[in-house]
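Hi,

Here is the structure I promised to pass on.

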Amino acid sequence: MFDFQLFLDAVFGWPLAEGALLTVALSLAVMAVSMVTAMGTASLATSPRRLLRWSVIGYVWLLRGTPALLVLLFIWNGLPQLSPLFRAGWFSPFLAAFIALTLIQVAYLTEILRSAFAAVGPGQREAGAALGLHRGQIFVLITLPQAMRIALPALMSEFITLLKTTSLATVISLKELMTVTQYAIATSFRFMEWHGAALVYYLVMVSILTAIQMRTEALFARGRR
């Protein structure tokens, strides 16, 4: 039978909460670095220089076409074979997961931002130039705010997907939410209670992100009006 008391203990206990905090920390770190990097790669994706443009296109094609689990295993198991540098203690499961997920996330965000930048009409940039703004000012003051408004729903959806994708890091023993859940199940053999508690954590995290998305979209819409 379902042990409701064990379920409550799991939900309100520290082990799963600690795993959830690590999941959130990893997701935030990956998303922050990926966003900054993808702004650059999205700009290069439309560069008149063919080598730069095709390099970005090739990167996006490769990382979007490769399963996240395979990238994760390649980083964790493959890099130490390529260089002894990655056999040192500093190369932790958290760092390996961060590198792998960032590589993947940059590819997806590049496509999202490239489409958003393209959706901002050239007339907007021409108007900025007519006002005497240089290229950097045009990008920061005109192109970027409009592009972010367009890209926001896709970016938030990608962040939610990333949050759930971190569960793959259990294969390299990163003590995120799913790894802690698996450890608890291995010692108690209570699958439903621990999996149910993990589900509660994921639903709460996703619900908070969804609420943030709705609030942010409302603020952007108000500014547009």
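**Aromatic rings, core and cavity**

At 5% relative accessibility, Phe91 is buried (buried means under 20% relative accessible area, exposed over 50%, and partly exposed in between, with a 1.4 Å probe and protein chains only). Before going on, a word on the source: this is a predicted model, where local features need pLDDT of at least 70, side-chain atom pairs count only at pLDDT 80 or more, and totals for chains, interfaces and linings use all residues. Residues are numbered from 1 along each chain as its sequence is written, and side-chain values use heavy atoms, with hydrogens and water left out.

Back to the rings: there are six aromatic pairs in the structure (rings of Phe, Tyr and Trp, the last by its six-membered ring, with centres within 6.5 Å; planes under 30 degrees apart are stacked, over 60 edge-to-face, the rest tilted). One of them joins Phe2 and Phe7 in a tilted arrangement, 5.7 Å centre to centre with 50° between the planes. Phe2 is partly exposed at 42%, whereas Phe7, at 15%, is buried. Phe91 pairs with Trp76, and these two are stacked, with 5.7 Å between centres and 25° between planes. This pair links distant parts of the chain: Trp76 sits in helix H4 (residues 68–82) and Phe91 in the loop between H4 and helix H5 (93–119), 15 residues apart (helices are DSSP runs of H or I, at least four residues, and strands runs of E, at least two, numbered from the N terminus). Trp76 is partly exposed, with 24% relative accessibility.

Beyond its neighbours within four places in sequence, Leu113 contacts residues including Met35, Met148 and Leu155 (contact means heavy atoms within 4.5 Å).

Finally, what lines the largest cavity? Among the lining residues are Leu72, Ile104 and Thr165, and H5 gives the most, with four residues.

Happy browsing!

Terms used
1 Å grid on protein atoms, 1.4 Å probe; cavity = no way out; pocket = protein on both sides within 12 Å on 5 of 7 lines; lining within 4 Å.
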